[in-house]
Number of protein chains: 2
Amino acid sequence: MKKSLGARTIIYPTPVLIVGTYDSQERPNLMAVAWGGICCSTPPCVAISMRKATYTHGNIKLRKAFTVNILSENMVKEADYYGVVSGKSEDKFAKTNITPVKSDLVDAPYGKEFPFILECKLLKIVEIGSHTQFVGEILDIKAEESIIDSSGFPDIEKLKPFFFDPAKSEYLGTGKKLGKGFSIGKEI
Amino acid sequence: MKKSLGARTIIYPTPVLIVGTYDSQERPNLMAVAWGGICCSTPPCVAISMRKATYTHGNIKLRKAFTVNILSENMVKEADYYGVVSGKSEDKFAKTNITPVKSDLVDAPYGKEFPFILECKLLKIVEIGSHTQFVGEILDIKAEESIIDSSGFPDIEKLKPFFFDPAKSEYLGTGKKLGKGFSIGKEI
């Protein structure tokens, strides 16, 4: 039997995307965004949505660029902090001892200590309702060498990304491997 | 030290969204979509992106509706199958013994045996590049009573959702709880 939960924004998994931007004074900022994900393969694009009132919203409109930083589970407190406090009032890089590095490709900063980074050029702005969706073209991904294995790609057991449960407001880690994509379904 | 991985569509976590639609003949179809996520709070909306060549693309344009089904990890093979085979050639509901149920709110089917379902009315179509993004307004969420706990919301340890690693093409389960959102960050 199914029960109705109403018109809500619950989906599994919900990502924890740490968005890096500069303001008009060149001050770097970080913000946790839960509404987002990849939205196109060619060109490779990521979409992030946020309210107009956020500091990051103004920064992206101004700089036409942002980074998306994926953190490891040992930084879940920092990730939560980036979503709790506004960059209008606090230097979130300094407060969490993260070193801002200016991307060599786009007008946005990433965190030197963060393991996995997308550098994005603003491609499209979509007004939906309470939220503006910014579509960014991914110009490069940069990853810490320590999380890359012999395949040349991240080992998820080293990266240890985490996600969010919006129904219970809980962060959760990565679980066990369940099977290969575009492969296990062929048994059916 | 950071290594450049190039302009790619890798993000963690990548969801596995099983999209339900009807075609012009009222035949129900299911498709696995990895490019998507919540994109607005008010109205509550979810965005899913797919290539024009997919059967689901035509169905959504025609019916202006879709469902998003979240599966449990015991159905990871079925989820992979929905992404491997086209609904043009196969009845994916029948092949996986899933019973199509017509939503009472939108012109789209969901799977009776699926634990968590979003019923969506098409709100916006955004052409990005290789992919079209469909923004759907979530009119209701329906969840199996067996996965709902005393809070009235899903217990993630009962739902057991999974996600995708696009770099390694691997499905992964839900890991351990790491902390409460809008809470643990306040320690900083």
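Mentor: In chain B of this predicted model, strand S11 (residues 162–165) pairs with strand S12 (residues 170–180) in the antiparallel sense, over 4 bridges. One of the pairs sets B:Asp165 against B:Glu170, its bridge partner in S12(B). The hairpin of these strands has 4 residues between them, and among its residues B:Ser169 takes a positive phi near 50°.

The side chains of S11(B) deserve attention next. B:Phe162 and B:Phe164 point one way from the strand, B:Phe163 and B:Asp165 point the other way, and all are buried. In a regular strand the side chains alternate between the two faces of the sheet.

S5(B) is mostly covered, since 6 of its 7 residues are buried. S5(B) also pairs with S10(B), again in the antiparallel sense, over 7 bridges. In that pairing, B:Arg51 stands opposite B:His131 of S10(B).

S10(B) leads on to the other chain. Strand S1 (residues 2–6) of chain A runs antiparallel to strand S10 (residues 131–144) of chain B, and 4 bridges join the two.

The contact as a whole involves 88 residues of chain A and 88 residues of chain B. On the side of chain A that touches chain B, the largest share comes from strand S12 (residues 170–180) of chain A, with 11 residues. That side of chain A divides into 44 nonpolar, 23 polar and 21 charged residues.

How are the two chains related? Chain A is superposed on chain B by a rotation of 180° with 0.0 Å of shift along its axis, at an RMSD of 0.0 Å. The two copies are therefore related as by a two-fold rotation axis. The same surface serves both copies, as 100% of the contact residues of chain A recur in chain B. Of the residues of chain A, A:Gly175 comes closest to the rotation axis, its C-alpha lying at 1.9 Å.

In helix H1 (residues 55–63) of chain A, the residues A:Thr56, A:Asn59 and A:Ile60 are buried. Seen down the axis of H1(A), the buried residues fall within an arc of 95°, so they line one face of the helix. An α-helix has 3.6 residues a turn, so residues three or four places apart point the same way. The buried residues of H1(A) pack against several strands of chain A, including S2 (17–22), S5 (45–51) and S10 (131–144). After H1(A) comes A:Lys64, whose phi is positive, near 55°.

Chain A averages a pLDDT of 97, and 100% of the residues score at least 70. For the complex, the predictor gives an ipTM of 0.97 and a pTM of 0.98.

Key. Residues numbered from 1 in each chain as written. Chains lettered and ligands numbered in written order. Predicted model: local features only at pLDDT ≥ 70, side-chain atom pairs only at ≥ 80, totals over all residues. Buried ≥ 20, exposed ≤ 12 C-beta atoms within 10 Å, placed from the backbone. Arc of directions from axis to C-beta. Contact = placed C-beta atoms within 7 Å. Nonpolar A, V, L, I, M, F, W, Y, C, P; charged D, E, K, R; others polar. Pairing = 2+ DSSP bridges. Least-squares fit on C-alpha atoms with pLDDT ≥ 70 in both. pLDDT = per-residue confidence, 0-100.
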